[in-house]
Amino acid sequence: MAATETAERRRIAASYSDSRPAYGDETKNALKTTEFFAMVAVNAAILIAAWVSDSLNDVRAWTLVAGVAVGYIISRGLAKSGSKYVGGEDPLNRNDR
């Protein structure tokens, strides 16, 4: 009885995953993500803090901005590393659905 239940569950799970249509890419465009807006907000906060504060000099502020930007670029690279999109077509105007 338990063996037939397990086999039935596997069959149902396999048929569901095989029948699902795979639309779109795995990741969103950069401007549609919250991490982009978080990076912009953090960079703005760093630059405003450098402008207002005497203890945060310009060199340190721009170094922090560059560090935040590099972190964002690395995170987008890791997010896109498994994506099937290669850049030859506009993902917003595809008619394959």
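The model is predicted: local features need pLDDT of at least 70 and side-chain atom pairs count only at pLDDT 80 or more, whereas totals for chains, interfaces and linings use all residues. Residues are numbered from 1 along each chain as its sequence is written, and side-chain values use heavy atoms, with hydrogens and water left out.

The secondary structure of the protein chain consists of 3 helices and 0 strands, where helices (H or I, at least four residues) and strands (E, at least two) are DSSP runs numbered from the N terminus. From the N terminus on, the order of elements is α-α-α. Of the 97 residues in the protein chain, 13% are buried; buried means under 20% relative accessible area, exposed over 50%, and partly exposed in between (1.4 Å probe, protein chains only). Among contacts with a separation of 6 or more, 68% join residues 24 or more positions apart, a contact being heavy atoms within 4.5 Å.

Helix α3 comprises 23 residues and spans 33 Å from its first C-alpha to its last, close to the 33 Å expected at 1.5 Å a residue; the expected span is 1.5 Å times one less than the number of residues. The buried residues in α3 are Ala61, Val65, Tyr72 and Arg76, and the buried residues of this helix pack against α2. An α-helix has 3.6 residues a turn, so residues three or four places apart point the same way.

The largest nonpolar core contains 5 residues, namely Ile46, Ala50, Leu56, Ala61 and Val65. Such a core is a set of buried Ala, Val, Leu, Ile, Met, Phe, Trp, Tyr and Cys residues joined through side-chain atoms within 4.5 Å. At least two residues of this core are supplied by each of α2 (34-52) and α3 (58-80). When residues up to four places away in sequence are not counted, Ala50 touches Leu56 and Ala61. Asn43, located in helix α2, is buried, its relative accessible area being 12%. With residues up to four places away in sequence again left out, Asn43 touches Val65 and Val68.

Aromatic rings were paired when the centres of Phe, Tyr and Trp rings (for Trp, the six-membered ring) lie within 6.5 Å, planes under 30 degrees apart counting as stacked, over 60 as edge-to-face and the rest as tilted. The count by this rule is 2 aromatic pairs. The ring centres of Phe36 and Phe37 lie 5.4 Å apart with planes at 75°, so this pair is edge-to-face. Phe36, Phe37 and Tyr72 belong to one aromatic cluster.

The structure holds 1 salt bridge, defined as a side-chain nitrogen of Lys or Arg within 4 Å of a carboxyl oxygen of Asp or Glu. This salt bridge joins Glu35 to Arg76, with the closest N and O atoms 3.4 Å apart. The pair links distant parts of the chain, Glu35 lying in helix α2 and Arg76 in helix α3, 41 residues apart. The C-alpha atoms of Arg76 and Glu35 are separated by 9.1 Å. Glu35 is partly exposed at 31% relative accessibility, whereas Arg76 is buried at 11%.

Thr33 and Arg76 are 43 residues apart in sequence, with a C-alpha to C-alpha distance of 10.0 Å.
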